[in-house]
Amino acid sequence: YLKISKLALAFAIIHSKPPGRTSREYTEYLARTVSEQDSGWKWKVEVLEAEVLRLRQELLLTRISPRFCLENRKQDTSAETLLGQESINPTSYPSQLEDSGCDVCNDSAFDSLGIASDFHQSEHNANTSEHWLEGVPPLNLCHTSKEPSLTAPVHFLQCLLEIRKLSEGRILQADFSELENDSFTICNSVSQLLDGLTVFYNSPKFPAPSFLNEGVCVLISLLTDAKLSNHVLKKCFKKIEEFKKNLIQIILRNRSVNRFQALHSVSQTLGLLGRNNILRNALISLLLSGVRQFAEQLLQAHQVRSLYDVSQYENIFLLCMILEQLLQNETEESNISSSDYGREEKIKFLENLDQVILHLSDEFPLFSLYLWRVSVLLNSGQMQ
């Protein structure tokens, strides 16, 4: 039947081909036409799916707090206003972008995209409860033309966080049990946010757009909020784990010359994710695995006197810095008991570590020092 159908199609194309064209040219033309129609339908489907998600976001916010959606509010802190301000007052960035990016010892370089400062500023703004209602972004979840994949979920999650703050200050009444009844909307919104951040970190643009910082701040605020974090983690835990793995791979695989500013922003985001007690142990395990595998590869290359990846060697120190920071936080917070999650990875990391340090210490003293410092933190009483 398939052969007969193909033969019939071939005869139909031959009989209907216009004069001046060969059968092959006409066939290729028809194939392009059908392909363009398919891509057009795919685009229409994506537009409709985005509209459905926007309507579901509006409906969910209305169910959680009807008053929030009926108030006439200003648009000062909306994502669209931030995008408009970007073209008027672009963020100034250090001259580090103009050189090779090798000077990374300055503390300001670690926050070169302004993520940490913006996050602390958002925390400060959240404490001014007397101005909450006037500063709440309006319920306008339409996609903007500049970055629809990121600004739309950011704005929805901003609204959700504002409702949470207003309800905490007893300015609004909110029923967050509605999040349990609509897992699709919250899960898709967080997934869009994580995908948008991953796309930017894979191909960063400078100066970094303000909505990138907004996205990171919203993500961290969701994960640190006592009431909302449980809903987000329960529905999006696998997606967040995938996001962390992607960020680690972005750090390890980047080989561009001026990469350090972008990679420091990625490492800053990983460090902020580690503030969440549930995500911290899983992130420590991923970092331990990455550092251990690189140490083994470096030792093997050193023993056989073969070449090693210099760029990856430079990038691994970012993972070591994040790992050391998270382990210090783990040991300092005595009220939080270390779980058994990742215990196997900790054992693997410490196994034969003394021999690895011994063989690498002469040629790679700084990396050996980081390995030793991490081992000290792992062997401390709080981490056992």
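The model is predicted, so local features need pLDDT of at least 70 and side-chain atom pairs count only at pLDDT 80 or more, whereas totals for chains, interfaces and linings use all residues. Residues are numbered from 1 along each chain as its sequence is written, and side-chain values use heavy atoms, with hydrogens and water left out.

In soluble globular proteins, nonpolar side chains tend to be buried together. A nonpolar core is defined here as a set of buried Ala, Val, Leu, Ile, Met, Phe, Trp, Tyr and Cys residues joined through side-chain atoms within 4.5 Å. Buried means under 20% relative accessible area, exposed over 50%, and partly exposed in between, with a 1.4 Å probe and protein chains only. The largest nonpolar core has 80 residues, and those that touch the most other members are L157, L160, L197, V291, F367 and L371. Helix α12 (residues 228-253) gives the most to this core, with 11 residues; helices are DSSP runs of H or I of at least four residues, numbered from the N terminus. Because domain 1 (147-275) and domain 2 (279-331 + 338-383) both give residues to the core, it lies between them. These domain bounds come from an automatic or database domain assignment.

V291 shows such packing in detail. Leaving aside residues up to four places away in sequence, V291 touches I316, L319, C320, L323, F349, F367 and L371, where contact means heavy atoms within 4.5 Å.

Helix α10 covers residues 183-202. The expected span of a helix is 1.5 Å times one less than its number of residues; for the 20 residues of α10 this gives 28 Å, which agrees with the 28 Å between its end C-alpha atoms. Its buried residues include I186, V190, L193, L194, L197 and F200.

A disulfide is a pair of cysteine sulfur atoms within 2.5 Å, and by this rule the count is 0. The cysteine sulfur closest to that of C236 belongs to C187 and is 4.0 Å away, too far for a bond. C236 is buried, at 1% relative accessible area, and C217 also counts as buried, at 5%.

Two loop residues other than glycine have a positive phi. R170, in the loop between α8 (148-168) and α9 (178-181), has a phi near 60 degrees and is exposed, with a relative accessible area of 80%. N352, with a phi of about 60 degrees, lies in the loop between α16 (343-350) and α17 (353-360); N352 is exposed at 52%.
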